[in-house]
Amino acid sequence: MSVKEKDKYYIANTYGRFPIEIVSGKGSTVVDENGKEYIDMGSGIAVNIFGMCDEEWVSAVAKQLTTCQHTSNLYYSEPCVKLAELLCEKTGMKKVFFGNSGAEANEGAIKTARKYAFEKKGKDYYKILTLNNSFHGRTITTLAATGQDAFHNDFLPLTDGFVYTDANDIEMLKKTVAENKLAAIMFETVQGEGGVVPLTNEFVSAIKEICEKEDILMIVDEVQTGNGRTGKLYGYMHYGITPDIVTTAKGLGGGLPIGAVMFGEKTKDVLTSGTHGSTFGGNPIACAGAVNIVSRLTYGFLEDVNRKSKYIIKELENADGVKSVTGLGLMLGIETEKDAGEVIKICQENGVLPIKAKNKVRLLPPLNISDDELIKAIRVIKKAVKVD
Ligand SMILES: *Cc1c(COP(=O)(O)O)cnc(C)c1O
């Protein structure tokens, strides 16, 4: 049997995979089982932010791998401390909890919000408001947080205590807040899986005002938008807000599994000894890689991300067959006249790998993609979207 056949046979069929097996890569170029090269415009869903096998990252990871691969959280270990310090210095957040994925980070945020509200306001204030069309993960609780019925239906009952409101609708937000006893409001600054939909400044300001006035925690899910993806270190930095909790994962590890919950002043001491944990959380190898990644996301580097973003938007906005381009930085959604799946297929045939988000073609290239590769990829995408 081929890899594709064995995959179908032995791996739970939860993924609709593209008909391509990726075997290797370098930077923004990946290579399939036949040696065909592609320009990667998906980065393993916003994970490989310095592309495939980036030398600096590989060397940081390899050094740690041959020194100490795991300690458990029963002992002190330097890499996770370094990463936490770096994240706090760069964001102004106060403390960090490490896990292994986006869903696990969001679980940690939700537990923290419940404990905070229970201690401050009593047992009735446990609800968490999230947005329709959001995506927060695949566990039973983060599915409940995810405001899309399509993900819920087969798994009811989900964890109790989530209410939903429409993104960018301030009236509905205020009404939903007034009708519920809330512990927190949780949102993505750009809804990724929901179709690359950015929140408006007005809407985020309204959330900020409500959270401050009512002592409701503001949780920003930066699993996809974080780590330079939107052209700022974290997406919330576009909006002039100071969240109480920030979760992140995907790009943080540059290709190794890691998730983080960052706590602000109000929440930094909510989780106490024995109230939360994770065996692999803060794994030295993942953290050593992440230290390398985060330390390279400098102001100058992010300016270059924004320059590339402007180039893509300028090229695609008025292109033949494009209805709209949404998103921030190198997290962009293209609404096309053609079916998005069809556009992606044509791109793949021509050596470019974009991905999908709802009905849009989604671009999440490595943040350090070269101008040369970017120009080539956009040329292919422009041809693919064209209605002939
Ligand atoms: C991908 C994603 C998650 C889930 O992350 P996993 O690592 O797959 O658990 C949660 N929130 C957002 C915004 C995401 O994009």
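# A walk through a two-domain model

Start by colouring the chain in two parts: domain 1 (3-54 + 299-385) and domain 2 (68-295), with bounds that come from an automatic or database domain assignment. You are looking at a predicted model, where local features need pLDDT of at least 70 and side-chain atom pairs count only at pLDDT 80 or more, while totals for chains, interfaces and linings use all residues. Residues are numbered from 1 along each chain as its sequence is written, and side-chain values use heavy atoms, with hydrogens and water left out.

**Stop 1: the domain interface**

The centres of domain 1 and domain 2, taken over C-alpha atoms, are 26 Å apart. Select the contacts between them (heavy atoms within 4.5 Å): 26 residues of domain 1 meet 26 residues of domain 2. The two domains bury about 2000 Å² between them, with carbon and sulfur atoms giving 61% of that area. Buried area here is the accessible area (1.4 Å probe) that two parts lose on being put together, summed over both.

Which residues pair up in a salt bridge here? Select arginine 362 and glutamate 193, whose closest N and O atoms are 2.9 Å apart. The term means a side-chain nitrogen of Lys or Arg within 4 Å of a carboxyl oxygen of Asp or Glu, and one such bridge is found across the interface. Eleven residue pairs, both at pLDDT 80 or more, are also in polar contact across the interface. That term covers a pair of N or O atoms within 3.5 Å; within protein, one must be able to donate a hydrogen and the other to accept it, and residues adjacent in sequence count only if both atoms are side-chain atoms.

On the domain 1 side, highlight helix 2 (43-46), helix 11 (299-317), strand 13 (322-328), strand 14 (331-336) and strand 17 (360-363), each of which supplies at least two residues touching domain 2. Helices (H or I, at least four residues) and strands (E, at least two) are DSSP runs, numbered from the N terminus.

While you are in helix 2, click on isoleucine 45. Its phi is near 60°, a positive value in a residue other than glycine.

**Stop 2: the ligand**

Next, select the residues around the ligand (a heavy atom within 4 Å), among them Ser101, Asn106, Phe135, His136, Glu188 and Lys250. Polar backbone atoms of glycine 102 and alanine 103 each lie 2.8 Å from an oxygen atom of the ligand. Aspartate 221 places a side-chain N or O atom 2.8 Å from a ligand nitrogen atom.

**Stop 3**

The salt bridge count comes to 19. One of them joins lysine 95 to aspartate 269, with closest N and O atoms 3.6 Å apart. Lysine 95 is in strand 4 (residues 95-99), and aspartate 269 is 174 residues away, in the loop between strand 12 (259-263) and helix 10 (284-295).

Finish at proline 157, in the loop between helix 7 (149-152) and strand 6 (162-165). The peptide bond from leucine 156 to proline 157 is cis, with omega near 0°.
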